[in-house]
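Here are some friendly notes to read alongside the model.

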Amino acid sequence: MIVEQAAKRLALPIPYLLKVATTASYRYKEYTIPKKSGGVRIIHHPAKELKLLQGWLLHGPLAALPVHDAATAYRVGIGIRQNAEKHVSSDYILRVDFQDFFPSLHDRDVASVLETNRRKMGDSITDVDLFFINRIVCRGSSLTIGAPTSPHLSNTIMFNFDTEWSERARALDVTYTRYADDLYFSTNHPNVLENLLQELRDYLRGQVSPTLRINERKTAFSSRKRRRLMAGLILTSDRKISIGRHRKRVIKGLVMKLMRQQLQAGDIGTLRGWVSYLASVEPSFVFALERKYGVDFSDSKTWQT
């Protein structure tokens, strides 16, 4: 039993674990963070004991749940660059955004995934275990932003969806990926993606689980003739991936101040964050900065004030 395994591994009594499960929805602290697009995003941060259990489940039984190759978010070694690389050679791109993604993934969706993959999590999984997991990972009746289990579970819940739309896209010579709540379709054939979008709308209207809605305001078509954005990256007209000229100018300015020892402590942290980000999405720009300014970002002395 998973409950018994958790009790043994975490040195906590089973009655206590079951109590945490039944009261899990009340063990969150709510706060907000600003969105880049305006407004705020509500975060529910689990209490220490609940987060401990979620972390154990995430790296234990839940790790066995399937994730489709088309899912490029929340996976070790795969991220926005790998997502962009799949589309950089295409002339036409469609981006579709899901509205209220995590809250749209309900406890019944979690229960369905757990039941379908019961054997993958272990031969001795009981109904009590399934109830326990569902209560630990959901707040109220859905996943929530802030729980460490929500990203991975969202990928597993979307496994059938990703499988379906990968196959549909492939039949049309279209590339499909999903980065969290953003779907990307790309092709070199004109007048294909418009019909595919309508097909997606019709498909979602008939879906019972999960019940997802398109955010039409964020749905967008783009081509090589125009600026193409993908999860914060820019696909250039010469089929390369970039963070964009504006960001590069800002970063160059910070590097120049660093070399002149004019950078404030807070800005040093900002620059280090940018360098770390660039190393994964556009490493050639990091090398170019090091050559131009004679700096070694891997040397801890570089960051000393």
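1. Let's begin with Tyr203, which counts as buried at 17% relative accessibility (buried means under 20% relative accessible area, exposed over 50% and partly exposed in between, with a 1.4 Å probe and protein chains only). Please keep in mind that this is a predicted model, in which local features need pLDDT of at least 70 and side-chain atom pairs count only at pLDDT 80 or more, while totals for chains, interfaces and linings use all residues. Residues are numbered from 1 along each chain as its sequence is written, and side-chain values use heavy atoms, with hydrogens and water left out.

2. Which kind of pair do Trp165 and Tyr203 form? Their ring centres are 5.4 Å apart and the planes stand at 90 degrees, so the pair is edge-to-face. The rule takes rings of Phe, Tyr and Trp (its six-membered ring) as a pair if their centres lie within 6.5 Å, and calls planes under 30 degrees apart stacked, over 60 edge-to-face and the rest tilted. By this rule there are 11 aromatic pairs. Trp165 itself is buried, with a relative accessible area of 0%.

3. The pair also makes a link between helices: Trp165 belongs to α9 and Tyr203 to α10, so parts that are 38 residues apart in sequence are tied together. Helices (H or I, at least four residues) and strands (E, at least two) are DSSP runs, numbered from the N terminus. Both residues are members of one aromatic cluster, which also holds Tyr74, Phe98, Phe101, Phe102, Phe161, Tyr176 and Phe185.

4. Now for α9 as a whole. This helix, residues 159-171, has 13 residues and spans 19 Å from its first C-alpha to its last, close to the 18 Å expected (1.5 Å times one less than the number of residues). Its buried residues are Phe161, Asp162, Trp165, Ser166 and Ala169. They cover an arc of only 125 degrees around the axis, which puts them on the same side of α9; the arc is that of the directions from the helix axis to the C-beta atoms.

5. What covers that buried side? Among the elements over the buried residues of α9 are β4 (175-179), β5 (182-187) and α10 (193-205). On the face turned away from the buried side, α9 carries the exposed residues Asn160, Arg170 and Ala171. After the helix comes Asp173, with a positive phi near 60 degrees.

6. Phe161 deserves a look of its own. Leaving aside neighbours within four places in sequence, Phe161 is in contact with Phe98, Tyr176, Leu183, Leu200, Tyr203 and Leu204 (contact means heavy atoms within 4.5 Å). Phe161 is also one of the residues with the most contacts inside the largest nonpolar core, which has 55 residues. Such a core is a set of buried Ala, Val, Leu, Ile, Met, Phe, Trp, Tyr and Cys residues joined through side-chain atoms within 4.5 Å. The largest share of this core, six residues, comes from α10.

7. A second, separate core has 27 residues, including Phe285, Val286, Leu289 and Trp303.

8. Apart from neighbours within four places in sequence, Val192 is in contact with Leu172, Val174 and Thr187.

9. Two backbone details are worth checking by eye. The peptide bond from Ser209 to Pro210 is cis, with omega near -10 degrees, and Pro210 sits in the loop between α10 and β6 (220-223). Gln261, not a glycine, has a positive phi of about 60 degrees; this residue is exposed, with a relative accessible area of 74%, in the loop between α11 (245-259) and α12.
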